[in-house]
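Here's a quick tour for anyone meeting this structure for the first time. Keep the picture open while you read, and follow along helix by helix.

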Amino acid sequence: MYMKMEDLDQSRIAEVVDEVEAQTGYNFFPCELAGVIQLTIRKCETKGKDIEYFYLLLRDELKDFLFRAHINAMWILNQRREEQCVKSAT
């Protein structure tokens with residue numbers, strides 16, 4: 001089964017996004033949403049799941065996106081702190 005963006009209910013996607021944004025306080029950029037939606041479609045296709053599963057999985061994928069972004073931000077912050085320590089030690 002192959003899903004296309006045209007097959008998806010945009011209002012249901014908006015409901016899921018609004019819910020996650022309200023829970024997390026983060027407002028997704030359109031390019032971020034597009035990437036997460038494409039990833040969710042691929043995962044549904046790989047697992048042979050239907051469109052209904054897409055909306056359930058989308059909620060988790062949006063939260064996972066934010067979790068990965070947080071980890072990446074913490075890594076960058078730690079790298080900068082480490083560089084500052086090295087600079088101040090020399």
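## How α2 passes α3

Helix α2 passes helix α3 in a right-handed crossing. Bear in mind as you look that this is a predicted model. The two helices pack at an angle of about 130 degrees, and their axes are 9 Å apart. That angle makes α2 oblique to α3, because anything over 145 would be needed to count as roughly antiparallel.

So who's touching whom? From α2 come Glu 32, Leu 33, Val 36, Ile 37, Leu 39, Thr 40, Ile 41, Lys 43 and Cys 44. On the α3 side they meet Tyr 53, Phe 54, Leu 57, Leu 58, Glu 61, Leu 62, Phe 65 and Arg 68. Sorted by class, this contact has 12 nonpolar, 1 polar and 4 charged residues.

## How α1 sits against α3

Now look at the other partner of α3. Helix α1 covers residues 10-24 and helix α3 covers residues 51-89. They pack at an angle of about 30 degrees, with axes 10 Å apart. Angles under 35 degrees count as roughly parallel, and α1 and α3 are therefore roughly parallel to each other. Here, too, the crossing is a right-handed one, with α1 passing α3.

The α1 side of this contact is made up of Arg 12, Ile 13, Val 16, Val 17, Glu 19, Val 20, Gln 23 and Thr 24. Across from them in α3 you'll find Glu 52, Phe 54, Tyr 55, Leu 58, Arg 59, Leu 62, Lys 63 and Leu 66. The residues in this contact split into 9 nonpolar, 2 polar and 5 charged.

## The nonpolar core

Which residues of the largest nonpolar core touch the most other members? They are Leu 8, Ile 13, Phe 28, Ile 37, Phe 54, Leu 58 and Leu 62, out of 19 residues in that core. Helices α1, α2 (residues 30-47) and α3 each supply at least two residues of the core. The biggest giver is α3, with 7 residues.

Setting aside residues up to four places away in sequence, Leu 62 touches Val 16, Val 17, Val 20, Phe 28, Leu 33 and Val 36. Take the pair of Leu 62 and Val 36: they are 26 residues apart along the chain, yet their C-alpha atoms are separated by 6.6 Å.

## Glu 61, a charged residue inside

Glu counts as charged, and Glu 61 is buried, with a relative accessible area of 3%. Not counting residues up to four places away in sequence, Glu 61 touches Val 36, Leu 39, Thr 40 and Lys 43.

## Asp 7, before the helices

Finally, step back to the segment before α1, where Asp 7 lies. Asp 7 has a relative accessible area of 41%.

What does Asp 7 contact, leaving aside its neighbours within four places in sequence? The answer is Tyr 2 and Ile 51. Asp 7 and Ile 51 are 44 residues apart along the chain, and 8.3 Å separates their C-alpha atoms.

Terms used
Residues numbered from 1 in each chain as written. Predicted model: local features only at pLDDT ≥ 70, side-chain atom pairs only at ≥ 80, totals over all residues. Heavy atoms only, no water. Axes fitted to C-alpha atoms, helices over the stretch in contact; angles between N-to-C directions. Helix = DSSP H or I, 4+ residues; strand = E, 2+ residues; numbered from the N terminus. Parallel < 35°, antiparallel > 145°, perpendicular 65-115°, else oblique. Left-handed = near helix turned anticlockwise from the far one by under 90°. Contact = heavy atoms within 4.5 Å. Buried < 20%, exposed > 50% of the residue type's maximum accessible area, 1.4 Å probe, protein only. Core = buried A, V, L, I, M, F, W, Y, C linked by side-chain atoms within 4.5 Å.
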